[in-house]
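Me: I've got a structure open and want to talk through some of the packing with you. Can you take my questions as they come?

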Amino acid sequence: MARVLVVDDEPGIRTAVARGLTAEGMEVVAVGDGLSGLEAALTGSFDAVVLDIILPRLSGYRVLEQLRAAGVDTPVLLLSAKDGEFDQADGLDLGADGYLVKPFAFVVLVAQLRAMLRRRDAALGRSGQRVRLGPLVVDPVARSVSWHGDVVELSPREFALLHALASRPDTAVAKDELLRLVWGDEQAASRNVVEVYVGYVRRKLDGVGAGHVLKTVRGYGYIVESP
């Protein structure tokens, strides 16, 4: 189930989009201003963001700009009443993955969202093979992780990190390589961000007794060891 953040200050549009996406089988969180949208999106826990440009407290352009500056590469579909070519170019140049002009047909919004999610799936390796390391199972198709059958709940970024390591069992992976695999660019985030996310994943694995499989290779990177 894709998790989508909808940010729009028009209650009618916000409610209609949220209801429609829920009916399409997506989990939806909806907020009505730019600052609330930024705070939610910065968690990295969404698969996609539907973001209006004209918003109170913080514009959609600034929300997008700050997300990309923070290394959050969640796919973003911009909504705007402006249909000029330069407006669309500005949004795409800031890092948007799609641009939809209001008023729009809901089926077009869904089609654009699904296309964005497919591209993200490919980037995160969801189309790859299931990784099974003893009791640890990492399934890129279902984007699920389990240990002895106990489900480990991970955000999309946390999953991508664990999948990148588990796909190379017993092999140390450098932090710079993880930045490329998970964030898409060594310059998109810092090595400290990798350390933070490894901490998140390790704590969640600890919750099911699997924290010991993810080890630090001091001065280099990380490794997932076969149990």
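Me: Let's start with Met 116. Is it buried or exposed?
Reply: Met 116 is buried, because its relative accessible area is 2% and the cut-off for buried is under 20%. Bear in mind that this is a predicted model.

Me: Which helix is Met 116 found in?
Reply: Met 116 sits in helix α5, which covers residues 106-124.

Me: And what is it in contact with, leaving aside neighbours within four places in sequence?
Reply: Met 116 is in contact with Pro 75, Val 76, Leu 77 and Asp 97.

Me: Take Val 76 from that list. How many residues apart in sequence are Met 116 and Val 76, and how far apart in space?
Reply: They're 40 residues apart in sequence, and the C-alpha to C-alpha distance is 8.3 Å.

Me: Changing topic: helix α8. How many residues does it have, and what does it reach from first C-alpha to last?
Reply: α8 runs over residues 191-206, so 16 residues in all, and it reaches 22 Å. That is close to the 22 Å expected at 1.5 Å a residue.

Me: Which residues of α8 are buried?
Reply: Val 194, Tyr 197, Val 198, Gly 199, Val 201 and Leu 205.

Me: What covers them?
Reply: The cover includes two helices, α6 (156-166) and α7 (175-183). It also includes the strands β9 (150-152), β11 (214-217) and β12 (221-224).

Me: Pick Val 201. What's its relative accessibility, and what does it touch beyond four places away in sequence?
Reply: Val 201 is at 1% relative accessibility, so it counts as buried. Val 201 touches Glu 158, Leu 161, Leu 162 and Leu 214.

Me: How about α7 and α8, where do their axes cross?
Reply: The axes come within 9 Å and cross at roughly 80°. α7 and α8 are therefore roughly perpendicular to each other. From α7, the contact uses Lys 175, Asp 176, Leu 178, Leu 179 and Trp 183. From α8, it uses Arg 191, Val 193, Val 194, Glu 195 and Tyr 197.

Me: And what classes are in the contact of α7 with α8?
Reply: Six nonpolar, no polar and four charged.

Me: Last pair: at what angle do α6 and α7 pack?
Reply: About 125°, with the axes 9 Å apart. That makes α6 oblique to α7, and the crossing is right-handed.

Me: Who makes the contact there?
Reply: Arg 157, Ala 160, Leu 161, Ala 164 and Leu 165 come from α6, and Leu 178, Leu 181, Val 182 and Trp 183 come from α7. The class count for the contact of α6 with α7 is eight nonpolar, no polar and one charged.

How values were computed
Residues numbered from 1 in each chain as written. Predicted model: local features only at pLDDT ≥ 70, side-chain atom pairs only at ≥ 80, totals over all residues. Heavy atoms only, no water. Helix = DSSP H or I, 4+ residues; strand = E, 2+ residues; numbered from the N terminus. Expected span 1.5 Å × (residues − 1). Buried < 20%, exposed > 50% of the residue type's maximum accessible area, 1.4 Å probe, protein only. Contact = heavy atoms within 4.5 Å. Axes fitted to C-alpha atoms, helices over the stretch in contact; angles between N-to-C directions. Parallel < 35°, antiparallel > 145°, perpendicular 65-115°, else oblique. Left-handed = near helix turned anticlockwise from the far one by under 90°. Nonpolar A, V, L, I, M, F, W, Y, C, P; charged D, E, K, R; others polar.
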